[in-house]
Amino acid sequence: MEEQDKLVNQEHQEQEQNKKLSKEVKKTVEEKISKILEMGIQSDNVDYLYKLIDIHKDIENEDYWKVKKEGIMMRYRDNYDDEYGNYGRRMRDSRGRYMARGNYRGGDMIEDMRDMYDEYSENKEEYGRGNYRAKDDTMKSLDYMLKSVVQFMQMLEENADSEEEMQLIKKYARKISEM
């Protein structure tokens, strides 16, 4: 497990270095574009300005797709480790206990479930309007949402610090199971 933790930390450090480098390059490019615009666009700096704008556009485009990819990964996870929806590497928190999913916090889970409920509602409306292809998307969204609820309950259980908290969690888990 320590080997996996080292790999995850190394991967995270590389990502942070890349972000920092990208920000520095973007800042430098923006400064150079500003200087050219202050001096005025001339025939001898048009080609250079075009190249700077192209670099800036590429950086912006890369940032956009990273955010987009993260959003897609949050919404459409297929790689479940078990029937309860624990996916990806399980990480330990500062007290050595397993976290539900790396840095995936309860607030993130709730927001993700809300987004999936919105997706579920939209797909259900589409299906109701006669778009029969939306049925599969509706069922996938519902399945993911319910697995997220189970994972959220597991996270609460793993983070419970007292018997009183455990009893309250179990009480509501029973209510859910009796529905």
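Lys19 sits in helix α1, which spans residues 2-39 (helices being DSSP runs of H or I with at least four residues, strands runs of E with at least two, both numbered from the N terminus). The model is a predicted one, so local features need pLDDT of at least 70 and side-chain atom pairs count only at pLDDT 80 or more, while totals for chains, interfaces and linings use all residues. Residues are numbered from 1 along each chain as its sequence is written, and side-chain values use heavy atoms, with hydrogens and water left out.

Lys19 comes out as partly exposed, at a relative accessible area of 43% (buried means under 20%, exposed over 50%, and partly exposed in between, with a 1.4 Å probe and protein chains only). Between Lys19 and Asp63 there are 9.2 Å in space, C-alpha to C-alpha, and 44 residues in sequence.

As for the chain overall, its secondary structure amounts to 5 helices and 0 strands, running α-α-α-α-α from the N terminus on. Of the 179 residues, 23% are buried. Among contacts with a separation of 6 or more, 56% are between residues 24 or more positions apart (contact meaning heavy atoms within 4.5 Å).

Now to the packing of α4 and α5. Helix α4 (residues 134-159) packs against helix α5 (residues 163-177) at an angle of about 160°, the axes being 9 Å apart; axes here are lines fitted to C-alpha atoms, for helices over the stretch in contact, and angles run from 0 to 180 degrees between N-to-C directions. On the α4 side, Met153, Leu156, Glu157 and Asn159 meet Glu165, Met166, Ile169, Lys170, Tyr172 and Ala173 of α5. The residues of this contact split into 6 nonpolar, 1 polar and 3 charged (Ala, Val, Leu, Ile, Met, Phe, Trp, Tyr, Cys and Pro count as nonpolar, Asp, Glu, Lys and Arg as charged, and the others, Gly among them, as polar).

That leaves the aromatics. The structure has 1 aromatic pair. The ring centres of Tyr117 and Tyr120 lie 6.1 Å apart with the planes at 45°, so the pair is tilted (rings of Phe, Tyr and Trp, the last by its six-membered ring, pair if their centres lie within 6.5 Å; planes under 30 degrees apart count as stacked, over 60 as edge-to-face and the rest as tilted). Both tyrosines belong to helix α3 (residues 106-128), 3 residues apart, or about one turn of the helix. Tyr117 is partly exposed at 45% relative accessible area, whereas Tyr120 is buried at 14%.
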